[in-house]
Amino acid sequence: VDRHTRLVAGGRRGRERMRERERDRKRRGQVGSQRIAMAGRTWMAVLMGTVAWTGARGDPYDEPGPCRHRRETMDVDTATWEQDVEVEITVPQCDVIEPPYPIVYFYQGFGARARDYYSYADRLASWGYAVLQHNANTGDRDELELGFYPDVMEAVKSSSVGQDLDFTKVGTAGHSRGGRLAAMTLEQQDDVSFGILIDPVDDDQRSGSRSIGNLGRPVAIIGSSLTTECFPSEITYEEFFAQSASGTWLQVIQDAGHSQFSMAAEGVIQRQVDPCARGDRAIVDILELTYPTMVAWADYQLHGVETNRYFDWVRIQEEEEHITWQER
């Protein structure tokens, strides 16, 4: 059976599961009864302190959560590199979601900086997740960069900000090469419990997809419909999904190019040298289609939250042909 047939069949099974899940929830009378949906205006009122937050995780994921955030920077001495590694820490500041906060270790794409992915950190922090990012120009030396993780985690734990973080609840995320590093960290580090791979790209040795195959646990994968116009399908999100365990979520954003998941793609120079296909969809729209699945997966893995609101959102995006979505 070829790859396309497997993906199509998987999509049908995923949609059937989603419909059955909705039918089951309606039979139990859960739809609209156990969670309070809050629109953007209500969130603003919460942040301004004019109303109390009466929602729950997942209501909604297509909006920022109730938390503000602060960003701190520290230099970390690592065992694998001859110079200090700059680490940026985005920490929630929140009255309604109390510390300690779970951690997401976020790897940026090749040649990018942490600031190019601040929007991901900001959205995760709004839902009560601390985000760690490091800046280091290591080229394409994966093992060198993977070696930063334990030293960074220990240094942050020992710092003043560490008291606000929960080091027993850790996930990884990343885009492009960063998705590969996130997959490898998920396999290598025992303290990491979930992974979010954003249009991941593998190396010639299939290091990342092999890690996903060895892992035996599901992950969330978000891909772009135009990725294979930039890379062979054997090293894109399709291969990661093919190697993944049952329960993996796959969302593919239509008319999106690989580089458009990063704000670095907004730069003039980036547009001139970008070797990948670019869709007509605006970067901000691609990001807004990425955030809900990213946060929903983190909440599902750490808190056991499966929200009606998220699957309602998925169905609407599919009907409007913004995304395709399937569960393995």
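Predicted model: local features only at pLDDT ≥ 70, side-chain atom pairs only at ≥ 80, totals over all residues.
Local features required pLDDT of at least 70 and side-chain atom pairs pLDDT 80 or more, while totals for chains, interfaces and linings use all residues. Residues are numbered from 1 along each chain as its sequence is written, and side-chain values use heavy atoms, with hydrogens and water left out.

Helices (H or I, at least four residues) and strands (E, at least two) are DSSP runs numbered from the N terminus. The axes of helix H3 (residues 118–126) and helix H10 (residues 283–303) come within 10 Å and cross at roughly 45°. H3 is therefore oblique to H10; angles under 35 degrees count as roughly parallel, over 145 as roughly antiparallel, 65 to 115 as roughly perpendicular and the rest as oblique. Axes are lines fitted to C-alpha atoms, for helices over the stretch in contact, with angles from 0 to 180 degrees between N-to-C directions.

Nine salt bridges were found in the whole structure, each being a side-chain nitrogen of Lys or Arg within 4 Å of a carboxyl oxygen of Asp or Glu. Arg 70, Glu 72 and Asp 164 are linked in a network of such bridges. The N to O distance is 2.8 Å for Arg 70 and Glu 72, and 3.5 Å for the closest N and O atoms of Arg 70 and Asp 164. The latter pair joins strand E1 (residues 68–76) to the loop between helix H5 (148–158) and strand E5 (165–175), 94 residues apart.

A salt bridge of 3.1 Å, N to O, connects Arg 177 and Glu 145. Arg 177 lies in helix H6 (residues 177–188) and Glu 145 in helix H4 (residues 142–146), so parts 32 residues apart in sequence are tied together.
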